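I opened this entry to record what I looked up about nonpolar packing and strand pairing, taking each topic in turn.

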Amino acid sequence: MGEDVAGSSMPLDILNTFYSGENPLCVMQNLSEDQNRRKIIIVSNQRLMYFEENATGMYDETLYAFARIDSVIFHEGKKSSELKIVDTDGSILKIGWLLNEEAQRVLLTLQSAMNDLGTAMVSLDRRKPMFSGEEWILKKPLDYLTKTVKSDAPPMTESYIAPILPKDEAEDCDGSQELFEGEDDVIPASVIQPKDGEMDQATVRECLKALRILYDNQVLTEEQYRKLRLPLLEKLDI
């Protein structure tokens, strides 16, 4: 069973994945008594996001920029639904805890958001097979492109970039001025690889956002991203 939740009630680990200007449009989480670990699906104005709480209390995430979605399929059950998210690489994520009306709401919100951001209209085909429940298929057209995104990642703007450290502080980190390059911006390595020591919480969060940008723009591999992200999460007061 799902429940629509306000952004303020979402775990901090999830809130930190949002970009500046990215807004949740539909948020559902499982709250049934037999589900001892939290699962959350979010449709934002830029992405489809799925989180599952793991044994450590942190969240494993699967993030779909709209350009990465091939299709989403909803099969109506007697009470709950099966929602299948099909990636452009052919992989499939299955979600089975949403109620039928909740899965339908996710699909309708996703269609609207993709149409708002895209250059081609996304269709939603509704079928009623003779011997089974209703089926909805959201299909992205082949010529679908996002209006503001060059790749599968949301656009990078100055508001997404971690603050540049003053020159004297940057030199104190490790003396290195290696640069990580995004599509249009450059982020000093000292921002996302700070020297061991005290960091205020605002700086930790900005560094986490910077890492997310680099990962989503394929500057960092998943292994590099997780390796750099872990020490920052350890510094975060949760």
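I count two strands as paired if DSSP finds at least two bridges between them. The model I am reading is a predicted one.

With that criterion I looked up β2 and β3, which pair in the antiparallel sense over five bridges, and I noted that the bridge partner of C26 is V43 in β3. I then checked burial along β2 and found that five of its seven residues are buried, so β2 is largely enclosed by the rest of the structure.

Next I turned to the sheet, where five strands are arranged in the order β8-β7-β6-β10-β9, the sheet being open and the pairing antiparallel. I recorded β8 and β9 (123-127) as the edge strands, since each pairs on one side only, and an average twist of 15° from one strand to the next. Within this sheet I looked at β6 and β7, which pair over seven bridges in the antiparallel sense, with L83 in β7 as the bridge partner of F74. I also noted that α2 packs on the sheet, where it touches β6, β7, β9 and β10, and that its direction makes about 155° with that of β6.

Finally I asked which residues have the most contacts inside the largest nonpolar core. They are I41, L83, I95, L98 and L110, in a core of 29 residues, and α2 gives the largest share of this core, seven residues. For L83, leaving out residues up to four places away in sequence, I listed its contacts, among them I41, V72, F74, I95, L98 and V106.

Conventions: Residues numbered from 1 in each chain as written. Predicted model: local features only at pLDDT ≥ 70, side-chain atom pairs only at ≥ 80, totals over all residues. Heavy atoms only, no water. Core = buried A, V, L, I, M, F, W, Y, C linked by side-chain atoms within 4.5 Å. Buried < 20%, exposed > 50% of the residue type's maximum accessible area, 1.4 Å probe, protein only. Helix = DSSP H or I, 4+ residues; strand = E, 2+ residues; numbered from the N terminus. Contact = heavy atoms within 4.5 Å. Axes fitted to C-alpha atoms, helices over the stretch in contact; angles between N-to-C directions.
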